[in-house]
Amino acid sequence: MNSKFVILSDIHANLSALKAVIRDFKEKYKPDGVFLLGDTVNYGMRPNEVIREMELLAEAYPIMCNLWGNHEKALLDNGQFPRFSSDRGRSILEYTKQVLTNDSFEYIRDEMKGGGLVELELNGCSILCLHGNIEDEYWGKLSVESMTDERYSMYDYVFSGHTHVPHHVEVFYKGGNEELRGKKKTIFLNPGSVGQPRNQNPCAQYLYWDMETNLFHHNSVVYDIETERKLYPDNVDIFYRDRLLKGI
């Protein structure tokens with residue numbers, strides 16, 4: 001069975017980080033497929049180049065899901081950015097909107113299908129893939145506290161992004177199989193961010209999953225941060241350039 005997968009999220013138009021991650025998982029894992037959990041564009045300076053890399057990735061591997069994140073959703077909502085919390089957030093999304101080519105916009109609209117939430121059945125297991133959380137698939141942040149929500153208990157695995165912080169949490173709900181002492185297990189996984197990590201680790205981050213053995217490996221990959229930082233023009237807030245150095 002196809003059982004080896006990599007899970008990527010929050011690339012944020014960081015081409016150097018994405019290429020480093022792809023090189024890393026090709027050498028280490030030879031996966032059977034790739035999960036993409038959204039926020040492919042914005043914040044970084046190379047959205048068109050990253051989208052082209054995504055197209056090449058899809059030629060090499062089955063794409064299990066390719067979600068919109070809140071940034072893609074905002075771009076598709078006719079440039080309405082009311083949910084961004086700061087002027088700089090709205091400003092950089094406007095910048096991304098201006099530099100996107102027609103082909104890139106069409107990729108976001110037509111190839112990143114399924115919105116911010118997709119349910120899958122894979123090797124007899126039920127999987128929920130979302131960018132945010134079950135309350136808000138685009139903007140919601142899946143916290144340990146919110147994992148007690150019984151709606152997650154119907155899934156064996158829940159893969160999420162958006163927070164830019166990796167996690168692996170196993171929750172046991174009541175009402176499961178009696179042979180398993182009446183407990184139903186759901187495994188929650190966040191791969192962290194490829195292009196803009198926020199766990200005080202500036203390396204590009206992704207998750208490897210061997211479904212057959214239930215092995216999960218969070219990976220951190222060194223990449224050329226300075227190459228990406230040098231691409232930021234003066235009219236983009238330096239916050240987005242400088243946060244790459246510390247993973248914040």
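The accessible surface of the chain comes to about 11500 Å², and carbon and sulfur atoms supply 47% of that area; areas here follow the Shrake-Rupley method with a 1.4 Å probe, and for residues only the protein chains shown count as cover. The structure is a predicted model, in which local features need pLDDT of at least 70 and side-chain atom pairs count only at pLDDT 80 or more, while totals for chains, interfaces and linings use all residues. Residues are numbered from 1 along each chain as its sequence is written, and side-chain values use heavy atoms, with hydrogens and water left out.

Of the 248 residues, 54% count as buried, a label that means under 20% relative accessible area, with exposed set at over 50% and partly exposed in between (1.4 Å probe, protein chains only). Seven helices and 10 strands make up the secondary structure; these are DSSP runs numbered from the N terminus, with helices being H or I of at least four residues and strands E of at least two. The radius of gyration is 18 Å, close to the 18 Å that the globule rule gives for 248 residues, so the chain is as compact as a globular protein of that length. That radius is taken over C-alpha atoms, and the rule is 2.2 Å times the number of residues to the power 0.38. Along the principal axes, the C-alpha atoms fill a box of roughly 60 × 40 × 35 Å. Among contacts with a separation of 6 or more, 70% come from residues 24 or more positions apart, a contact being heavy atoms within 4.5 Å.

Strands S2 (residues 33–36) and S3 (residues 63–66) run parallel and are joined by three bridges; strands pair if DSSP finds at least two bridges between them. Phenylalanine 35 has cysteine 65 in S3 as its bridge partner. Between S2 and S3 the chain passes through helix H2 (residues 47–60), giving a right-handed β-α-β crossover. Right-handed here means that, with the strands pointing away from the viewer, the path from the first strand over the helix to the second runs clockwise.

Aromatic side chains are the next topic. The whole structure holds 16 aromatic pairs, where rings of Phe, Tyr and Trp (its six-membered ring) pair if their centres lie within 6.5 Å, and planes under 30 degrees apart count as stacked, over 60 as edge-to-face and the rest as tilted. Tyrosine 29 and tyrosine 208 are stacked, because their ring centres are 3.8 Å apart and their planes lie at 5°. This pair links distant parts of the chain, with tyrosine 29 in the loop between helix H1 (15–28) and S2 and tyrosine 208 in strand S9 (residues 204–210), 179 residues apart. Both partners are buried, tyrosine 29 at 13% relative accessibility and tyrosine 208 at 4%. Tyrosine 157 and tryptophan 209 form a tilted pair, 4.8 Å centre to centre with 55° between the planes. Phe5, Phe35, Tyr157, Phe159, Trp209 and Phe216 form one aromatic cluster.

Tyrosine 240, in helix H7 (residues 238–242), is buried, with a relative accessible area of 3%. Its contacts, leaving aside residues up to four places away in sequence, include Tyr43, Arg88 and Tyr232.

Backbone angles complete the picture. Most residues other than glycine have a negative phi. Alanine 13, in the loop between strand S1 (4–8) and H1, has a positive phi of about 60° and is buried at 0% relative accessibility. Histidine 162 has a positive phi of about 75°, and lies in the loop between S6 and strand S7 (167–174).
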